[in-house]
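Below are some notes on the model, arranged as numbered points. Please read them with the structure open.

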Amino acid sequence: MTDITGTEQQNSWFADDGMDTDVVLSTRVRLARNLTDFPFPEYMKNDSDERVRTILFDAFARSHDAESYQTLSVKNLEQLGSMILAERGVLAPAAVDNAATGIIVRSDGRISGTVNYHDHLHLSSYIAGFDPAAAHSAVSLVDEELQEYVRFAGSLDVGYFTSRLRDAGTGMKISVMVHIPSIVHKNLQDSLFRTLVESGFEVFACYAVAPGGVTKTLGSWYRFCTDSCYPMSEIDQIASVVQAVRNVINIERNARKDVLNDSPTMAKDIVYRAIAAIKYSRYVSFREGVELVSAIKWGHCLGILSGLTDGEIYSLLYRIQTAHLIFLSRQEELTFEDDVVTSVQKADRLRSIILQEAVSQVQLIA
C-alpha cells in the first residue's frame with residue numbers, strides 16, 4: 001500500500017477466499033479502549049486529544065511490526081483521502097471532518113484503528129467470510145501488545161471503561177456483512193430481522209435507500225452487529241454470533257434452493273439483464289453499481305454464471321466506490337473521451353469500465 005488511503009492493493013483482505021463467503025462477505029471485530037487519566041473524547045479540553053494521539057501512535061511505533069503501521073491525524077488528510085477511508089470502513093463518516101481524530105492502518109488493511117472517536121481507541125480486525133474467532137484472535141494479539149506500552153481504563157468487576165454503557169465490559173463488538181438476496185426475494189427478511197433484534201443484534205442496511213432505512217437497501221447487502229458488550233464474555237459473544245449468523249446462512253441457502261426450484265427463469269432474467277447493462281453501459285452510478293454487483297453475486301451463488309470468485313465480486317464493492325474512483329481518475333496515465341469532463345462523469349465512466357472488465361470473465365450457464 002503506497003499511502004494510508006489505499007489505492008488498488010494486490011492482496012487486499014476482502015479478496016481472500018474465506019469461510020461461507022456465499023452469504024457472509026466479511027467479519028469485523030472491534031475493541032473499544034480508553035487510556036487512564038484522560039477524559040472521554042467528548043469531554044476533552046485543551047491539548048488532550050493531541051496527547052492521546054501521541055501516546056497511542058507511539059505505542060504502535062514500538063510494536064514488533066511497527067513498520068507495517070501508518071498513522072496520521074485526520075486534520076492532515078485532504079477530504080478525498082478521508083472519504084476513501086470512510087468507504088473502506090476504517091473511518092466513520094461522522095469523523096471525516098473531526099480534527100481530533102487519528103487513524104492507524106496496517107499495510108495489509110486487516111488491522112485498523114480510530115483514535116478519539118467516541119473512545120480513545122477503536123481497534124478493528126477484518127477478515128473475509130465468516131470467522132469471528134479468527135478475527136478476534138488477530139485483534140487481541142495487537143491489543144495485548146499495546147498493553148505493554150499503555151494502560152487502558154477498567155476494573156476487574158466491570159471490565160473496560162467506555163464512553164457508551166453498552167460498550168463496557170469486553171469493549172468488543174462483532175459485525176458481519178451479508179448478502180441475502182434469496183431471503184429478500186421470498187420476503188423473509190422482516191421476520192428474520194425481528195428475531196435477530198430480539199436476540200441482541202442490530203441490523204443495518206449497508207447501502208440504505210433512505211437515512212435510517214433497514215429493509216430498503218440497494219442490492220441485498222446487510223450488516224448484523226452485536227448490540228452490547230456487557231455482561232457477556234468474549235467467548236460468549238462469539239458463540240452468540242456464530243449461532244445467529246449460522247442460522248441466517250442456512251435460511252439463505254434454503255431460500256436459494258427454493259428460487260431455483262420455483263422461479264429459475266425470473267432469477268436468470270435478473271442476472272442476464274445485469275450482465276447486459278454492464279456490457280453496454282458507458283456511465284454507471286454508484287447506486288446502479290451496487291445493484292449490479294448484487295445481481296452478479298446472486299447469479300454466482302445460484303450457479304447461473306461462473307468465472308468470478310466470491311472474493312473478486314466482493315472486491316468490486318470497494319473498487320466502485322466514488323471517492324476511490326475520483327482518486328484514480330486524477331492519475332496522469334488515465335485518459336477519457338473528450339466529453340467525459342467532470343469528476344462525477346469520470347467516476348461513473350471508470351465504474352462502468354471496472355465492471356465490464358469483471359464480467360468479461362463471466363460465462364453464463366444455461
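Predicted model: local features only at pLDDT ≥ 70, side-chain atom pairs only at ≥ 80, totals over all residues.

1. The lining of the second largest cavity is made up of 2 nonpolar, 2 polar and 3 charged residues. In this classing Ala, Val, Leu, Ile, Met, Phe, Trp, Tyr, Cys and Pro are nonpolar, Asp, Glu, Lys and Arg are charged, and the others, Gly among them, are polar. The lining residues are Asp16, Thr21, Leu25, Lys297, Asp310, Gly311 and Tyr314. Helix H9 (residues 310-319) contributes the most, with 3 residues.

2. Residues are numbered from 1 along each chain as its sequence is written, and side-chain values use heavy atoms, with hydrogens and water left out. Helices (H or I, at least four residues) and strands (E, at least two) are DSSP runs numbered from the N terminus. Cavities and pockets come from a 1 Å grid over the protein atoms alone: in a cavity a 1.4 Å probe fits but cannot get out, whereas a pocket is an open set of points with protein on both sides within 12 Å along at least five of seven lines. A lining residue has an atom within 4 Å of a point. Grid points are joined across faces, edges and corners, and a volume is the space filled by probe spheres set on the points.

3. The largest pocket has a volume of about 1,400 Å³. Of its 46 lining residues, Arg28, Gly89, Ala92, Pro93 and Arg223 are the closest to the centre. Elements that each supply at least two lining residues include strand E5 (119-128), strand E8 (172-179), strand E9 (201-205) and strand E10 (221-226), as well as H9. By class the lining has 23 nonpolar, 13 polar and 10 charged residues.

4. The second largest pocket has a volume of about 230 Å³. Two or more of its lining residues come from each of helix H4 (181-185) and helix H8 (286-302), and H8 gives the most, with 5 residues. The lining includes Pro181, His185, Glu291, Leu292 and Trp298. Its classes are 6 nonpolar, 5 polar and 1 charged.

5. Which residues touch the most other members of the largest nonpolar core? They are Tyr207, Trp221, Val293, Ile296, Tyr314, Leu317 and Leu355, out of 47 residues. Such a core is a set of buried Ala, Val, Leu, Ile, Met, Phe, Trp, Tyr and Cys residues joined through side-chain atoms within 4.5 Å. H2, helix H7 (264-280), H8, H9, H10 and H11 each supply at least two residues of this core, and its largest share, 7 residues, comes from H8. Another core lies apart from it, with 45 residues, among them Val24, Met44, Leu123 and Val150.

6. Leaving out residues up to four places away in sequence, tyrosine 314 touches Trp13, Phe14, Leu25, Ser26 and Met177. Contact here means heavy atoms within 4.5 Å.

7. Helix H10 (residues 322-329) is mostly covered, with 7 of its 8 residues buried. Buried means under 20% relative accessible area, exposed over 50%, and partly exposed in between (1.4 Å probe, protein chains only). The buried residues are Ala323, His324, Leu325, Ile326, Phe327, Leu328 and Ser329. Their cover includes helix H2 (79-87), H9 and helix H11 (343-359).

8. Aspartate 20 has a positive phi, near 60°, and is found in the segment before strand E1 (24-33); it is buried, with a relative accessible area of 15%. Asparagine 116 has a positive phi of about 65° and is found in strand E4 (residues 111-117). Asparagine 116 is also buried, at 3% relative accessible area.

9. With a disulfide taken as a pair of cysteine sulfur atoms within 2.5 Å, the count is 0. For cysteine 229 the nearest cysteine sulfur, that of cysteine 225, is 8.3 Å away, and cysteine 229 is buried at 1% relative accessible area. For cysteine 301 the nearest is that of cysteine 206, 15 Å away; cysteine 301 is buried at 17%.
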